[in-house]
Amino acid sequence: HCGLSDAEAYAQDRSGKLFSLSGGAGLTSLGRQLPAQLAWHQLVNIEEQSVSIGMTRNGHLFADSHLLAKNCTSFVVTDAHIIFTTNNHFVKFVHLVSPDEMEVPGDNPQEDERCRSIERGARLITAMPTNMSIVLQMPRGNLETIYPRAMVVAGIRKLVDEKNYARAFSYCRTQRVDMNILYDHQPEQFLAHVGLFLDQLKDVTYIDLFLSSLREEDVTQAMYKDTKRTADRPSEITPNVPTGEQESKSKVNKICNSILKSLQSKKDTNLQNIITAHVCKVPPALDDGLTLVSGLMQEDEKLAEKAIEHICFLVDVNRLYDNALGLYNLELALLVAQQSQRDPREYLPFIQDLHQLPTLRRHFQIDDHLERRGKALVHLKSLDAFDELQQYVVKYALYQEALDLYRYDKTKHRTLTNLFAEHLESRSKYRDAGLAYEFLENYSKATACYRASGASSWRECLYAAQQQKPALSPDALSDLASSLADALTEAKDHTSAATIYVEYLSSIESAIRSLCKGSHFAEALRLISQKARLDLLSTIFDPALVDALSSTTDLLADCKAQLRAQVPRIMELRRRAEEDPLAFYEGERGPAGADIPDDVSIAASSRISTSASLFTRYTGKAGSVGTVGTGVSRATSKNRRREEKKRARGRKGTVYEEEYLVASVRRLVERIESVKAEVTALVFALVRRDMGERARAIEALMGEVVEGCRVAVAEVFVPLPGQVAEEQPEDHVAVSGGAAVFGEYLDARTRRQEAPVVLPFTKLALLGA
């Protein structure tokens with residue numbers, strides 16, 4: 001018995017009934033029935049209830065009537081675990097909880113700390129929880145002591161709960177347990193007792209070892225996750241750092257700051273720890289550490305040298321030298337440089353030159369040397385060296401920083417803005433350059449930049465052009481407006497082009513033509529009425545309307561013909577591929593591979609076997625799939641490019657023809673969807689101009705094409721046998737060159753394609769059904 005009264009003894013009969021032997025009262029039944037007579041048996045107290053733990057002679061391990069294992073060879077019980085060995089050569093740990101909640105770990109020692117491999121035939125002798133070890137007897141008779149990770153981690157958790165950080169740290173060090181567990185197990189307790197932690201560790205090297213082991217990961221959630229499930233301790237610890245402050249208040253920085261606060265009064269004994277705490281922050285607080293050393297240089301030079309030796313041991317000395325320079329402390333930089341392997345001829349002349357400069361000039365030289373351009377710019381401003389500052393800005397493209405520095409100095413701000421504008425213009429950022437020139441009231445250059453930026457800036461361009469002084473001549477303004485209108489027409493922005501024609505070129509005729517090209521017939525009619533130019537209806541608008549009708553009719557007729565030709569061809573290709581896949585995928589390659597047997601598996605449900613068979617056939621390689629991969633691996637990138645071009649062309653008779661035709665049908669459907677609004681506007685305008693028959697004809701043709709698209713989508717984009725909705729991982733034949741392109745085609749063919757959407761075409765009610 002374990003955890004029960006020593007004055008009592010317990011027994012069981014052959015049927016498994018439990019009895020109590022107390023004093024002279026004889027056998028007293030406990031009213032409990034075990035599954036069988038247990039050859040090895042023990043009673044333990046779990047949560048104020050006695051639980052029977054025992055093993056039968058055939059290796060069945062029970063907790064009351066709950067079967068834990070069928071292959072147990074020995075067991076012991078501690079205050080925290082049931083520890084048992086198995087005939088699979090594992091030692092396993094089960095937490096002492098209610099029998100119904102007991103969980104036996106699997107045979108995976110790499111993933112679960114509660115399972116550990118042991119030598120074949122080893123048996124448990126005893127467990128020593130206070131020493132976090134167990135003793136095993138080997139088949140040869142010798143005894144061996146091991147420290148299972150489950151016991152060690154559980155013991156460390158218990159020691160942390162007891163605030164016995166010294167012993168917990170000792171076990172972490174000797175058993176190679178990540179020292180982050182000292183904090184992660186009880187974060188709030190650790191921060192509240194940092195002083196106790198430091199007093200218990202005492203040794204400076206131990207404190208340094210702990211600080212250097214810190215990392216952001218919570219080891220209690222990954223590496224040492226607590227597997228015990230109890231109601232009073234959840235399995236996950238909620239972090240006490242708000243999400244928004246995670247970066248600024250990281251775990252490592254919180255620990256380092258707490259230790260620094262506790263060591264403020266112990267600089268004489270724990271200087272090394274203070275420096276380590278600064279360096280171990282994320283990111284390392286090198287400037288704080290160096291500032292501490294700088295202060296020591298005024299108080300105790302020997303202590304400062306000792307400190308600089310330690311910080312140079314922790315951090316790359318070259319990086320430390322740059323940080324010391326960045327503090328503008330030449331003596332500190334020299335002290336750091338002396339700890340490095342640098343030749344004094346490299347750094348002494350530089351430091352001597354800096355020492356001879358005035359303070360602001362020295363700061364500028366240091367920041368320029370460290371490539372801290374923004375700070376160097378601030379020093380130049382303080383030196384009032386504006387000419388040098390301009391050169392520095394141009395050299396390192398510091399325009400935005402310089403503009404921010406001089407935003408309250410209007411004259412210098414304008415000078416820097418002009419430099420920035422020239423820079424933007426040289427980088428072909430014409431729109432931004434135009435804005436800068438416009439801010440400077442340099443409308444001539446603003447006009448040129450807005451014009452160069454493209455047709456989209458036509459409004460800004462015309463505004464800047466009309467603000468120039470002296471003003472542009474009418475001819476120059478007309479030429480500019482005309483070129484912008486032409487550019488907008490090429491960009492298919494017909495409404496903007498019409499605006500320029502009306503407002504800047506006074507050409508109503510050109511505006512009407514532009515609006516009709518963009519299918520803005522209603523706007524064209526409104527403009528004709530506004531300008532009282534009804535004569536343009538018959539001379540400009542109606543011919544443009546007829547031209548639009550003609551081009552739309554040709555487009556729809558071509559689409560209709562394309563559907564009639566391509567959809568049946570796709571159906572035919574799919575039928576041929578289904579009837580005789582090998583002959584279909586052989587394509588124009590002819591008899592190459594004709595020696596392949598006819599009984600090769602081509603079942604549509606087996607994508608892998610189909611792909612492998614077709615690889616063999618298509619590449620003309622007889623034999624196994626492995627032979628194909630070996631042979632094709634010698635193909636060059638030139639062959640691949642040739643095959644990619646062949647696939648893109650989709651020439652008739654090749655294996656890529658179907659893929660090309662399906663893509664063509666998709667593009668056609670999308671094109672028809674994009675012109676529906678234009679056709680609707682065209683039909684409406686034809687009716688308004690008393691061209692009802694033409695309106696009916698184009699509307700009927702559009703209806704036929706839309707119906708053809710609907711039927712084509714239903715037939716072409718129907719899921720094929722063996723297709724899947726998403727790409728799934730599978731084994732592929734290792735091929736390259738042209739065969740790899742064919743493999744990609746086969747993979748694409750097995751993935752279901754999303755069908756394009758065909759919306760109904762709404763006809764004009766006035767024209768009737």
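In which sense do strand E4 (residues 40-46) and strand E5 (residues 49-55) pair, and over how many bridges?

Modeller: Strands E4 and E5 pair in the antiparallel sense, over 7 bridges. Two strands count as paired if DSSP finds at least two bridges between them. Within this pairing, Leu43 has Ser52 of E5 as its bridge partner. The hairpin of E4 and E5 has 2 residues between the strands, and Glu47 takes a positive phi near 55° there.

Some notes on the source apply throughout. This is a predicted model in which local features need pLDDT of at least 70 and side-chain atom pairs count only at pLDDT 80 or more, while totals for chains, interfaces and linings use all residues. Residues are numbered from 1 along each chain as its sequence is written, and side-chain values use heavy atoms, with hydrogens and water left out.

Now the rest of the chain. The chain has 33 helices and 14 strands. Of its 769 residues, 43% are buried, where buried means under 20% relative accessible area, exposed over 50% and partly exposed in between (1.4 Å probe, protein chains only).

One of the helices is H26 (residues 536-579), with 44 residues. From its first C-alpha to its last, H26 reaches 63 Å, close to the expected 64 Å; the expected span is 1.5 Å times one less than the number of residues. H26 bends by about 30° at Asp542, with Pro543 following within four residues. The bend is the angle between axes fitted to the seven residues ending at a residue and the seven starting there.

Another helix, H18 (residues 410-426), holds Arg414. Arg414 counts as partly exposed because its relative accessibility is 28%. Leaving aside residues up to four places away in sequence, Arg414 touches Phe439 and Leu440, a contact being heavy atoms within 4.5 Å.

Confidence is given as pLDDT, from 0 to 100 for each residue. The chain averages 83, and 83% of the residues score at least 70. Confidence is highest in helix H19 (residues 430-439), at a mean of 96, and lowest in helix H28 (residues 607-618), at 43. Over residues 588-635 the pLDDT is below 50, although this stretch has 75 contacts in the model beyond near neighbours in sequence.

Definitions and conventions. pLDDT is the predictor's confidence in each residue, from 0 to 100.
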